[in-house]
Amino acid sequence: MSARLDRIDLKMLRLLQNNGRLSNAELAETVAISPATCHRRTQRLFEDGFIAAVRAMVAPKKVAKGTLVMVGVVLDRSTPESFATFEQAIARLKFVLDCHLVAGDFDYFLKIRVGDMEDFNRIHGEQLIALPGVRQTRTFFVMKEVVDNAPLEF
């Protein structure tokens, strides 16, 4: 943890992580500092990269994206060039929520939200297997989301 964060900064981060809609006045009151000081501290947390973004968490089922799919991807070559080419291509696919380079049986794990199995089948056949360098994919349909996007513990 950075020496630049004091106990007030940490408390502010925890509060904002749990409720990004807190107003400056509410946040200031909760951490017992003036609104002006709170605003300066919040701006510094953004500028220093401790807060990367603030956004709403949309309920997937409400927007017809209730099916969560994890996909393991194996590339045909393990070279920096093939990884870079794949990463550039995957970053353009809006249905991919997360893409992680991993160690083990796969090169990448993808987190994808779709409407249903038919929707995924179409995306898989038209776009995923056509990505540059993809040799193999393994698909895992999530049956139950036990923990998803939990707040960071610090």
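Cysteine 38 is buried, with a relative accessible area of 0%, where buried stands for under 20% relative accessible area, exposed for over 50% and partly exposed for what lies in between, computed with a 1.4 Å probe on protein chains only. Cysteine 99, by contrast, counts as partly exposed at 30% relative accessibility. The count of disulfides comes to zero, a disulfide being taken as a pair of cysteine sulfur atoms within 2.5 Å.

The model is a predicted one, in which local features need pLDDT of at least 70 and side-chain atom pairs count only at pLDDT 80 or more, whereas totals for chains, interfaces and linings use all residues. Residues are numbered from 1 along each chain as its sequence is written, and side-chain values rest on heavy atoms, with hydrogens and water left out.

**The N-terminal part**

A UniProt record, from an unreviewed entry, places the feature "domain: HTH asnC-type" at residues 5-66; such annotations may be inferred rather than shown by experiment. Over residues 5-66 the chain is 53% helix and 0% strand, and the end C-alpha atoms lie 38 Å apart. Helices (H or I, at least four residues) and strands (E, at least two) are DSSP runs numbered from the N terminus.

Helix 1, residues 7-18, has twelve residues and reaches 17 Å from its first C-alpha to its last, close to the 16 Å expected at 1.5 Å a residue, the expected span being 1.5 Å times one less than the number of residues. At the start of helix 1, a side-chain oxygen of aspartate 6 comes to within 3.1 Å of the backbone nitrogen of isoleucine 8. Ile8, Asp9, Leu10, Met12, Leu13 and Leu16 are the buried residues of helix 1, and these buried residues pack against helix 2 (24-31) and helix 3 (35-47). As background, an α-helix has 3.6 residues a turn, so residues three or four places apart point the same way.

Alanine 32 lies in the loop between helix 2 and helix 3, and alanine 32 is exposed, with a relative accessible area of 67%. The phi of alanine 32 is near 65 degrees, a positive value in a residue other than glycine. Asparagine 149, in the segment after strand 4, likewise has a positive phi, of about 55 degrees, although it is not a glycine.

**Aromatic pairs**

The count of aromatic pairs comes to five, where rings of Phe, Tyr and Trp (its six-membered ring) pair if their centres lie within 6.5 Å, planes under 30 degrees apart being called stacked, those over 60 edge-to-face and the rest tilted. Two of these pairs are set out below.

| Pair | Centre distance | Plane angle | Arrangement |
|---|---|---|---|
| Phenylalanine 86 and tyrosine 108 | 4.5 Å | 35 degrees | tilted |
| Phenylalanine 120 and phenylalanine 141 | 5.5 Å | 85 degrees | edge-to-face |

The pair of phenylalanine 86, in helix 4 (residues 80-90), and tyrosine 108, in strand 3 (residues 108-114), links distant parts of the chain, 22 residues apart. Both phenylalanine 86 and tyrosine 108 are buried, and together with Phe83 they form one aromatic cluster. Phenylalanine 120 lies in helix 5 (residues 117-128) and phenylalanine 141 in strand 4 (residues 134-141), so the second pair ties together parts that are 21 residues apart in sequence. Phenylalanine 120 counts as buried at 4% relative accessibility, whereas phenylalanine 141 is partly exposed, with a relative accessible area of 32%.

Proline 132, in the loop between helix 5 and strand 4, is partly exposed at 31% relative accessibility. Apart from its neighbours within four places in sequence, proline 132 is in contact with Leu75, Thr85, Phe86 and Ala89, contact meaning heavy atoms within 4.5 Å.

Lysine 111 is found in strand 3 and is buried, with a relative accessible area of 11%. Its side chain makes a polar contact of 2.7 Å with the side chain of aspartate 148; a polar contact is a pair of N or O atoms within 3.5 Å, of which, within protein, one must be able to donate a hydrogen and the other to accept it, and residues adjacent in sequence count only if both atoms are side-chain atoms.

Arginine 113 also lies in strand 3 and is buried, with a relative accessible area of 10%. A polar contact of 2.7 Å joins the side chains of arginine 113 and glutamate 145, while the arginine 113 side chain also reaches the backbone oxygen of lysine 65 at 3.4 Å.
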